[in-house]
Amino acid sequence: MADDGDGKLRTEGSSDGGLGGAGEPPAGAAAAAAAGGGEMLLNVGLLALALLAAYRLYLRWGTRSGPGGAARQSQAAALPRMKRRDFSLEQLREFDGARNPRILLAVNGKVFDVTKGSKFYGPEGPYGIFAGRDASRGLATFCLDKDALRDEYDDLSDLNAVQMESVREWEMQFKEKYDYVGRLLKPGEEPSEYTDEEDTKDHTKQE
């Protein structure tokens with residue numbers, strides 16, 4: 001430290017003509033510090049977004065396994081196995097897990113009882129939009145929006161070969177995991193009459 005003559009103290013080598021100006025760091029160090037600060041802000045921002053996304057997922061799904069969800073699953077587990085029958089679109093909509101504790105959906109013209117998968121296909125599940133509906137188009141196009149649902153019978157004639165193959169693959173997966181109940185009827189088509197023997201034989205094959 002030195003006296004500049006007017007009673008003020010200054011740092012040695014920090015005069016206007018000194019290197020780096022009045023105590024300023026070198027330009028390279030300043031740039032590095034700025035870059036480091038920007039990277040830190042970016043990381044903090046990304047972390048905040050990740051935490052926000054996780055929190056939203058928790059609010060959406062993590063809080064839905066409370067008493068209400070557990071009660072519905074318990075009620076669904078107590079339901080007897082459904083007998084073979086065919087369904088119109090209107091009849092299928094009754095089994096959406098809300099109006100009726102049983103949950104059915106259709107894939108490629110076949111109706112499956114997915115009640116035991118209520119955690120996924122129930123009103124609060126990630127695939128709940130398909131409950132009581134024909135899920136073929138949504139599964140084929142990987143769409144979980146109402147745009148994938150049709151209020152009229154959907155013959156899937158506009159789907160391409162890859163999408164139709166996806167529908168058949170989903171059908172096989174549902175056959176392996178859930179009970180096949182019957183057919184989804186086309187407009188004007190009459191339901192089949194199933195005997196108790198046919199019903200028992202079909203359910204035995206799935207076990």
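Which residues of strand β3 are buried on one side, and which on the other? I started there, keeping in mind that this is a predicted model. Strand β3 covers residues 104–107. I found L104 and A106 buried on one side and L105 and V107 buried on the other, so both faces are covered, buried here being under 20% relative accessible area.

**Entry: the partner strand.** Next I looked up what β3 pairs with. The partner is strand β4, residues 110–113, and the two run antiparallel over 4 bridges. Opposite L105 I found F112 of β4. The two strands make a hairpin with 2 residues between them. In the turn, N108 has a positive phi of about 55°.

**Entry: around L105.** I then listed the contacts of L105, leaving out residues up to four places away in sequence. The list holds L92, K110, V111, F112, V114, Y121, F130, R133, A135 and F174.

**Entry: the cores.** The largest nonpolar core has 19 residues. Those with the most contacts inside it are L105, V107, F112, V114, Y121 and F174. I checked which elements give two or more residues to this core, and they are β3, α5 (136–141) and α6 (161–177). Helix α6 gives the most, with 3 residues. A second, separate core has 10 residues, F87, L92, F95 and A106 among them. I jotted down a background reminder too: in soluble globular proteins, nonpolar side chains tend to be buried together.

**Entry: a nonpolar patch outside.** Which residues form a nonpolar patch on the surface? They are F120, Y127 and L144, with about 260 Å² of accessible area together. I traced L144 to the loop between α5 and α6. Why does L144 count as partly exposed? Its relative accessibility is 42%, and partly exposed runs from the 20% limit for buried to the 50% limit for exposed.

**Entry: the whole chain.** Last, I stepped back to the overall picture. I noted 7 helices and 5 strands, in the order β-β-α-α-α-β-β-α-α-α-β-α along the sequence. Of the 207 residues, 29% count as buried. The protein exposes about 13600 Å², and carbon and sulfur atoms supply 55% of that area. Among contacts between residues at least 6 apart in sequence, 57% join residues at least 24 apart.

Terms used: Residues numbered from 1 in each chain as written. Predicted model: local features only at pLDDT ≥ 70, side-chain atom pairs only at ≥ 80, totals over all residues. Heavy atoms only, no water. Buried < 20%, exposed > 50% of the residue type's maximum accessible area, 1.4 Å probe, protein only. Contact = heavy atoms within 4.5 Å. Areas by Shrake-Rupley, 256 points an atom, 1.4 Å probe, with all protein chains shown as cover. Pairing = 2+ DSSP bridges. Core = buried A, V, L, I, M, F, W, Y, C linked by side-chain atoms within 4.5 Å. Patch = residues over 30% accessible without salt bridge, like charges linked within 9 Å, V, L, I, M, F, W, Y side chains within 5 Å. Salt bridge = Lys/Arg side-chain N within 4 Å of Asp/Glu carboxyl O.
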